[in-house]
Amino acid sequence: MRVNKIGDDGFRALVLSHNLMHLRDLRVDMNKITEAGALQLSHQCNLPSLTKLKVRSNEFAENGAQFVATTHALRNLTHLNFNRNGIRDKGVRYIAESTYMKNLLDLYLDDNELGPEAVFKLSGS
């Protein structure tokens with residue numbers, strides 16, 4: 001579903017769907033999804049089998065990173081692409097400290113506004 005205009009409402013429909021409960025890979029790059037759409041993840045996400053989430057070039061920002069990091073249903077994620085989402089050090093801290101993000105093997109944070117604090121947090125320093 002890359003490069004469409006599903007927005008927050010479309011994303012909400014995807015994450016709340018009971019028909020997608022076995023989905024393992026969701027790619028919604030460049031879809032104008034904001035923090036409001038990401039908020040649905042933390043409330044009623046129905047994607048317990050998801051291992052890959054690619055939300056590159058949306059507008060999740062720091063609150064969106066927090067919503068992803070604190071979503072129990074995303075505890076099986078191994079790949080997370082947050083490139084170009086306006087995430088700063090605080091958003092990375094949510095991911096690094098999350099008990100639900102401990103299975104991540106790949107984390108993409110290109111083209112965000114990260115500083116040294118984000119690197120220290122991710123490296124455990």
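Which residues are buried in helix α4 (residues 89-97)? In this predicted model, the answer is Asp-89, Gly-91, Val-92, Tyr-94 and Ile-95. These buried residues of α4 have several packing partners: helix α3, strands β3 and β4, and helix α5 (116-123).

Four of them line up as an open sheet in the order β1-β2-β3-β4, and the pairing is parallel. From one strand to the next, the twist averages 5°. As a general point, strands of a sheet pair through backbone hydrogen bonds, in either a parallel or an antiparallel fashion. Here, β2 (residues 52-54) and β3 (residues 79-81) run parallel and are joined over three bridges, with Leu-53 standing opposite Leu-80 of β3.

Strand β3 also holds Asn-81. This residue counts as buried because its relative accessibility is 10%, below the 20% cut-off. Setting aside neighbours within four places in sequence, Asn-81 is in contact with Leu-53, Lys-54, Val-55, Arg-56 and Tyr-108.

Glu-62 is buried but makes no salt bridge. What is the nearest side chain of opposite charge to Glu-62? That would be Lys-90, and it is 5.0 Å away, whereas a salt bridge has to fall within 4 Å. A polar atom of the Glu-62 side chain does, however, lie 3.5 Å from the backbone nitrogen of Arg-88. Beyond four places in sequence, Glu-62 touches Glu-35 as well as a run of residues made up of Gly-86, Ile-87, Arg-88, Asp-89, Lys-90 and Gly-91, plus Tyr-94. Among these contacts, Asp-89, Gly-91 and Tyr-94 are also buried residues of α4.

Helix α2 (residues 35-44) brings in Ser-42. Is Ser-42 buried, exposed or partly exposed? With a relative accessibility of 28%, Ser-42 counts as partly exposed, since that class lies between the 20% and 50% cut-offs. Not counting residues up to four places away in sequence, Ser-42 touches Phe-67, Thr-70 and Thr-71. Ser-42 and Tyr-100 are 58 residues apart in sequence, and their C-alpha atoms are 12 Å apart in space.

Notes:
Residues are numbered from 1 along each chain as its sequence is written. This is a predicted model: local features need pLDDT of at least 70, side-chain atom pairs count only at pLDDT 80 or more; totals for chains, interfaces and linings use all residues. Side-chain values use heavy atoms; hydrogens and water are left out. Two strands pair if DSSP finds at least two bridges between them. Helices (H or I, at least four residues) and strands (E, at least two) are DSSP runs, numbered from the N terminus. Axes are lines fitted to C-alpha atoms, for helices over the stretch in contact, and angles run from 0 to 180 degrees between N-to-C directions. Buried means under 20% relative accessible area, exposed over 50%, partly exposed in between (1.4 Å probe, protein chains only). Lys and Arg count as positive and Asp and Glu as negative; His and the chain ends are not counted. A polar contact is a pair of N or O atoms within 3.5 Å; within protein, one must be able to donate a hydrogen and the other to accept it, and residues adjacent in sequence count only if both atoms are side-chain atoms. Contact means heavy atoms within 4.5 Å.
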